[in-house]
Amino acid sequence: MNRAFNRKKDKSWMHTPEALAKHFIAYNVKFLGHTEVDQPKGTEVVKDAVRKLKFQRHIKKSEGQKIPKVELQISIYGVKILDPKSKEVQYNCQLHRISFCADDKTDKRIFTFICKDSESNKHLCYVFDSEKCAEEITLTIGQAFDLAYKKFLESGGKDVETRKQIGGLQKRIQDLEAENSELKKQLQVLEEQLMIAQVPPGNSMSSKTPTDIFDMVPFSPMTPLVPLPASNGSAPPPPATPSEIRRDLFGAEPFDPFTCGAADFPPDIQSKLDEMQEGFKMGLTVEGTVFSLDPLEGRC
């Protein structure tokens, strides 16, 4: 790891180890932006990046845009770039991904560092403007590197691996939260479509009685007849009983030739009927003479 602040190694560190190990050191600066660079280190590399971002900033300033202010939080775990009011993290540069850090010799307000992006694996140069603290911020990042390296040696490298695993898990959690939010939106859309597709109660035609072409309910012998109210508003007459149905207008049971039998008549009448049936035969034999009942062929 190339550190441009090694020239100041004779100077004592400005902060206590506990401040960087357990907490962080905060600075308010102006953020010129970041740009991609070809190399992970080098003074000329950061000089080209500074010139490029300064030129872009002059163009934006001529358009009326101001340089945004940010808050830097420096610790042994990395450098965070936050919104100074909302405290929302805009960029989180882990310390083991920072490969170069330096302040500008020609412009004492400018300091930069190069960090490898965790998603694109590209090297990005971040450029900041601080009127009074450029050198101090560079030394603070250098002290954070020194403490992190000592901790790495004490833990045998396990601490770095743990931080990498934690960083990977945090990224995975963010991806799952974004996926969960997208699934919730899709579920809400499907529920709205389902509610639109449903027929409102009362408009369903399945409960309506089917009718014929004349819009009349077809007769069914199995359907019980429901008496309708009379026109004068009085109650309808009670339904007829089976005993009343079997009698005619005069109170007698109607004649049914299919059910009439010998047992339906008294004995004397039944005997007369039997004699009449015997007389109405096709032919009778009296003393050897044959009689015919046919009027066209009747003769003695």
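How many Å² does the accessible surface of the protein come to, and what percentage of it belongs to carbon and sulfur atoms? The accessible surface is about 23000 Å², and 57% of it belongs to carbon and sulfur atoms; areas were computed by the Shrake-Rupley method with a 1.4 Å probe, and for residues only the protein chains shown count as cover. The model is a predicted one, in which local features need pLDDT of at least 70 and side-chain atom pairs count only at pLDDT 80 or more, while totals for chains, interfaces and linings use all residues. Residues are numbered from 1 along each chain as its sequence is written, and side-chain values use heavy atoms, with hydrogens and water left out.

The secondary structure comprises six helices and nine strands, taken as DSSP runs numbered from the N terminus (helices: H or I, at least four residues; strands: E, at least two). Of the 300 residues in the protein, 25% are buried (buried, under 20% relative accessible area; exposed, over 50%; partly exposed, in between; 1.4 Å probe, protein chains only). Among contacts (heavy atoms within 4.5 Å) between residues at least 6 apart in sequence, 56% join residues at least 24 apart.

The largest nonpolar core contains 29 residues, and L72, F113, Y126 and F128 have the most contacts inside it. A nonpolar core is here a set of buried Ala, Val, Leu, Ile, Met, Phe, Trp, Tyr and Cys residues joined through side-chain atoms within 4.5 Å. Two or more residues of this core come from each of α1 (17–21), β1 (25–37), β2, β3, β5 (98–103), β6, β7 and α3 (134–155). Helix α3 gives the largest share, seven residues. Another core, of 13 residues, lies apart from this one and includes V37, V45, L53 and C125. Beyond four places away in sequence, Y126 touches F31, G33, H34, I81, Y91, C93, F111, T112, F113 and C115.

The largest pocket holds about 630 Å³ of space. On a 1 Å grid over the protein atoms alone, a pocket is an open set of points where a 1.4 Å probe fits, with protein on both sides within 12 Å along at least five of seven lines; lining residues have an atom within 4 Å of a point. Points are joined across faces, edges and corners, and the volume is the space filled by probe spheres set on them. The lining consists of 22 residues, with N92, Q94, S118, E119 and K171 nearest the centre of the pocket. At least two lining residues are supplied by each of β4 (89–94), β6 (110–116), β7 (123–129) and α4 (158–197). Six of the lining residues are nonpolar, ten polar and six charged (nonpolar: Ala, Val, Leu, Ile, Met, Phe, Trp, Tyr, Cys and Pro; charged: Asp, Glu, Lys and Arg; polar: the others, Gly among them).

The second largest pocket has a volume of about 350 Å³. Among its 15 lining residues, S75, Y77, G78, K80 and N92 lie nearest the centre. Helix α4 gives the most to this lining, four residues. By class, four lining residues are nonpolar, nine polar and two charged. S75 is found in strand β2 and counts as buried because its relative accessibility is 11%. Leaving aside neighbours within four places in sequence, S75 is in contact with L20, H23, F24, L95 and A144.

Positive phi values near 60° occur at the non-glycine residues K87 and N121. K87 is placed in the loop between β3 and β4 and is partly exposed, with a relative accessible area of 44%. N121 lies in the loop between β6 and β7 and is partly exposed, at 45%.
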